[in-house]
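Okay, thanks for coming, everyone. Let me put the structure up and we can walk through its pockets, then its sheet and helices.

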Amino acid sequence: MSRTDHRNPNVAGLRPRSKLVHGGIRRSQFDETCEALYQTSGFVYGSAEEAENAFANDGTRHVYSRFRNPTSAMFEDRLAEYEGAEWAYATSSGMAAVHGALMSGLRTGDRVVAPRALFISCYWILKELCSRYGIETVFVDGTNLAEWEEALSKPAKAVFLETPSNPGLEVVDLQAVCDLAHKAGAVVVVDNAFATPVLQRPFDFGADVIIYSATKHIDGQGRCLGGVILAKDKKYASEVIHPFLRNTGPTISPFNSWLLLKGMETLELRVQAQSAAGLQVAEFLESHPKVAQVLYPLLPSHPQYDLVRKQMTGGGNMLSVFLKGGKTEAFNTLNGLRMVMISNNLGDSKSLVTHPATTTHCKLTDEEKAAARIEPGLLRLSVGLEDPQDIMEDLDRALAEA
């Protein structure tokens with residue numbers, strides 16, 4: 001069947017899970033089933049006039065892969081359709097997405113409000129990079145609405161948050177914070193990496209921009225790096241975010257976009273299976289004699305359990321496990337594992353575990369670690385797609401030997 005725009009014409013009427021398979025497709029003249037990989041840096045023109053028009057038009061004509069690439073555009077459109085965004089831009093990594101979403105809209109003299117519980121690189125951008133350019137960042141306890149109210153009682157340009165947080169799994173009240181932020185004139189940027197678009201929809205609660213490290217669950221198989229920025233308002237994104245990205249070049253490679261496209265086809269299946277396994281593993285570990293505490297969003301013992309039930313449809317695959325024996329027991333447990341692998345990545349099909357205090361968050365001061373509960377006995381566990389019983393048996397054996 002001929003398609004003049006090489007798109008699937010029925011995507012608009014499909015349910016979300018089907019959009020993960022068919023969304024954003026651009027078929028070439030060959031009508032291939034698998035999305036085409038356009039591994040190219042540039043494009044050619046039939047005439048000088050055609051080149052002139054390509055640079056003068058609205059951007060639909062591809063001119064350079066730093067600006068736009070057909071494979072990357074398929075990935076962007078697919079995720080935008082699934083998320084309900086008007087605009088999306090794929091980046092080379094999750095941190096490139098964080099940097100672009102924040103710095104594109106900030107100027108000297110602006111204020112940003114953010115929770116203290118953040119991934120270390122996000123914290124560095126807000127604490128170190130912003131201060132170099134005369135941008136003030138006010139840090140609050142993300143779970144304390146009174147602190148949000150006080151910080152946002154004055155005008156602010158942006159609010160940045162991640163919920164659940166990495167690695168402490170603190171949950172922020174999205175609706176309440178978005179309402180406060182908008183009254184203060186702030187754009188709300190939400191890092192939704194832990195929850196994924198499958199389990200949490202920040203736009204529904206008032207978020208303006210959502211970012212992902214697509215390296216995590218969207219790829220889900222440890223193959224590539226990638227990030228993406230999604231905006232609810234196309235006008236804001238086109239005028240503020242896009243010029244910054246176009247001219248600074250945090251561009252994703254077409255090959256990585258192609259891998260992420262294929263990862264999206266199984267995103268719901270993987271996340272839902274990992275979330276179900278995550279709850280099983282969390283319940284097992286919570287009752288283990290060597291475990292002091294387990295933080296998992298859908299455990300009734302989680303401090304924001306009621307809020308989790310309000311704004312998430314599942315608990316995800318990430319656990320924070322606090323061992324009674326501190327660093328020694330944590331290291332012995334890691335070294336005793338046979339199937340679960342030590343790695344600082346997450347969201348993979350394989351179960352991964354890390355010791356944040358000595359790896360991902362090792363550059364924090366002792367005071368900053370204490371504020372974020374990066375304790376010597378903390379392990380961050382990313383539950384994979386293995387049989388949950390095998391995961392639990394491996395953890396139980398390693399804990400017993402530790």
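So, which element gives the most to the lining of the largest pocket? That's α3, with 5 residues. Keep in mind that what you see is a predicted model.

Let's stay with that pocket for a moment. About 770 Å³ of space lies in there. The elements that put two or more residues into its lining are α2 (48–56), α3 (70–83), β1 (87–91) and α9 (234–248). The lining comes to 33 residues, and if you want to click on the ones nearest the centre, go for Asp58, Gly59, Arg68, Trp87 and His242. By class, that lining splits into 11 nonpolar, 10 polar and 12 charged residues.

Now for the second largest pocket, with a volume of about 430 Å³. Of its 23 lining residues, Met95, Phe119, Asn166, Ser213 and Lys216 are the closest to its centre. Here α4 (94–103), α5 (120–132) and β6 (209–213) each give two or more residues to the lining, and α4 has the largest share, with 3 residues.

For β1, the partner to look at is β7 (residues 227–231): they pair antiparallel over 5 bridges, and Tyr89 stands opposite Ile229 in β7.

Last stop, back to α3. It packs with helix α10 (residues 254–264) at an angle of about 35°, with the axes 8 Å apart, and the crossing is left-handed. From the α3 side you've got Thr71, Ser72, Met74, Phe75, Arg78 and Leu79, and they meet Pro254, Ser257, Trp258, Leu260, Leu261 and Met264 in α10. That contact has 8 nonpolar, 3 polar and 1 charged residues.

That's my tour, thanks!

How values were computed:
Residues numbered from 1 in each chain as written. Predicted model: local features only at pLDDT ≥ 70, side-chain atom pairs only at ≥ 80, totals over all residues. Heavy atoms only, no water. 1 Å grid on protein atoms, 1.4 Å probe; cavity = no way out; pocket = protein on both sides within 12 Å on 5 of 7 lines; lining within 4 Å. Points joined across faces, edges and corners; volume = space filled by probe spheres on them. Helix = DSSP H or I, 4+ residues; strand = E, 2+ residues; numbered from the N terminus. Nonpolar A, V, L, I, M, F, W, Y, C, P; charged D, E, K, R; others polar. Axes fitted to C-alpha atoms, helices over the stretch in contact; angles between N-to-C directions. Left-handed = near helix turned anticlockwise from the far one by under 90°. Contact = heavy atoms within 4.5 Å. Pairing = 2+ DSSP bridges.
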